[in-house]
Amino acid sequence: MSRFILILTWLCVSTVNALESTNIRITHSLIYDAHKANISQQTVDNIVRIFSWRIDFNRDLRKGDRFVIVGKKNTAPSALIYISGKKRIGVFSYVDKYGRFGYYDVNGKTLYPTFLKAPLKYRRISSEFQPQRFHPILKTYLFHGGVDYVANTGTPVYAVADGVIKHRKRMGGFGKYVHITHGSNYATIYAHLSRYASGLKRSSKVKKGQVIGYVGSTGRSTGPHLHYELHYKGKRRNPLKWSLPQRKSVAKSDLARFQNRAKSILRKL
Ligand SMILES: [Zn+2]
């Protein structure tokens, strides 16, 4: 058995030895430096999609940071690793039992987070996402691009997933409003708040379940409720129907092998 493991380890290590790797060293921006390193747009898109759950590409990236692409740089690399002075985040390729190719961290988890089902404890839903709705104040038919959750003034409102505050300000009919981005594709909006959570400002990082504000009736509102929106790729989606990303894990039976491979790649950097 131990000889078998030895051979397996040797096989893994020698495979890694034979693997090529490409560095993107940041001098200007990811796009610019990736282009200079002949990295395809598809690989750059993958890097942004995967790492934007952990890195704010506008604020966190520094000169001298690097992305290491292990394996074939433009067709399904076997690992993508971000290295800065402060941290190292690596993801490693894995094909699940359904044949789906994806990237998982050294613990065997995808980087994208799970989302809360709802951003607060609410009493009822007074208005669902609908293309046309008669607005009680404006007396006209309007697109309702979110869900209205009725709750008492002061009920805590939670960030539905890890993210970064993009706006925290008054916004016309929305009243006191918070806009959070989650990775590169998702954003959520929380409107009519009575007040914001203390210490929260533009560019603050928030965790899933963190209180970001409190239910109110600021802006164009007939009573205390939370207007909540979910955006995917810049478009409003129905929060009650949209299938959100679910954090996935490497199968238990594959985990030891997956982690050995990941660790041997990291040792080679
Ligand atoms: Zn609404």
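A: First, a term: helices (H or I, at least four residues) and strands (E, at least two) are DSSP runs, numbered from the N terminus. The model is predicted: local features need pLDDT of at least 70, side-chain atom pairs count only at pLDDT 80 or more, and totals for chains, interfaces and linings use all residues. Residues are numbered from 1 along each chain as its sequence is written, and side-chain values use heavy atoms, with hydrogens and water left out.

Q: OK. Where does Ala76 lie?
A: In the loop between strand S2 (66-70) and strand S3 (79-83).

Q: Is Ala76 buried or exposed?
A: Ala76 counts as exposed, at 51% relative accessibility. Buried means under 20% relative accessible area, exposed over 50%, partly exposed in between (1.4 Å probe, protein chains only).

Q: New topic. Which protein atoms are donors of the zinc ion?
A: His144 (NE2), Asp148 (OD), Asp148 (OD) and His227 (ND1), lying 2.0 to 2.8 Å from the zinc ion. Donors are N, O and S atoms within 2.8 Å of the metal (3.2 Å for Na, K and Ca); water is not among the atoms, so sites may look incomplete.

Q: Which parts does the pair Asp148 and His227 tie together?
A: Asp148 lies in strand S9 (residues 147-150) and His227 in strand S17 (residues 225-232), so the pair links parts that are 79 residues apart in sequence.

Q: And are those two buried or exposed?
A: Asp148 counts as buried at 4% relative accessibility. His227 is buried too, with a relative accessible area of 5%.
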